[in-house]
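Me: I am new to this structure and would like to know what stands behind the words used for it. Please show it and take the terms one by one.

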Amino acid sequence: MAAEGATNTATIGYLLPVVSVALGAIVLDEELNLRIIAGTVVVLVGVGLTRRHQRPGPSSAPAETPAVSATLHLKEQ
């Protein structure tokens with residue numbers, strides 16, 4: 001859990017009902033209706049959104065290097 005984080009670990013709990021419904025439909029020939037399919041889609045979309053990685057956007061200012069930062073700090077004193 002420490003390596004993956006709480007959000008990634010919690011998604012397992014959301015996927016358990018999806019797997020259970022799928023196994024019930026495949027193994028036990030349980031009926032799938034529109035409400036079950038819609039719920040499964042909502043869960044999968046939610047899990048997909050949590051697994052999305054944020055891409056760093058373009059920054060408006062160039063990043064300072066440590067040498068530049070130290071030089072600026074010395075000039076301010």
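Reply: The protein exposes about 6,800 Å², and carbon and sulfur atoms supply 65% of that area. Accessible areas come from the Shrake-Rupley method with a 1.4 Å probe, and for residues only the protein chains shown count as cover. This is a predicted model, where local features need pLDDT of at least 70, side-chain atom pairs count only at pLDDT 80 or more, and totals for chains, interfaces and linings use all residues. Residues are numbered from 1 along each chain as its sequence is written, and side-chain values use heavy atoms, with hydrogens and water left out.

Me: What is the secondary structure of the protein?
Reply: It comes to three helices and zero strands, in the order α-α-α from the N terminus. Helices (H or I, at least four residues) and strands (E, at least two) are DSSP runs, numbered from the N terminus.

Me: Where is confidence lowest, and where highest?
Reply: pLDDT is the predictor's confidence in each residue, from 0 to 100. Helix α3 (residues 66-76) is lowest at a mean of 53, and α2 is highest at 90. The protein averages 76, and 62% of the residues score at least 70.

Me: Why is Thr-11 called buried?
Reply: Buried means under 20% relative accessible area, exposed over 50%, and partly exposed in between (1.4 Å probe, protein chains only). Thr-11 has 7%, so it is buried. This residue is in helix α1, whose buried residues also include Val-18, Gly-24 and Ala-25. Of the 77 residues of the protein, 8% count as buried.

Me: What makes Leu-28 and Asp-29 exposed?
Reply: Leu-28 has a relative accessible area of 60%, so it is exposed. Asp-29 has 66%, so it is exposed too. Leu-28 is found in the loop between α1 (6-27) and α2 (34-51), and Asp-29 has its place in that loop as well. Phi of Asp-29 is near 55°, a positive value in a residue other than glycine.

Me: How do you know that the span of α1 agrees with its 22 residues?
Reply: The expected span of a helix is 1.5 Å times one less than its number of residues. For α1 that should be 32 Å, and its end C-alpha atoms are 32 Å apart, so the two agree.

Me: What lies at Leu-15 in α1?
Reply: A kink of about 30° lies there, shortly before the proline Pro-17. The bend at a residue is the angle between axes fitted to the seven residues ending there and the seven starting there.
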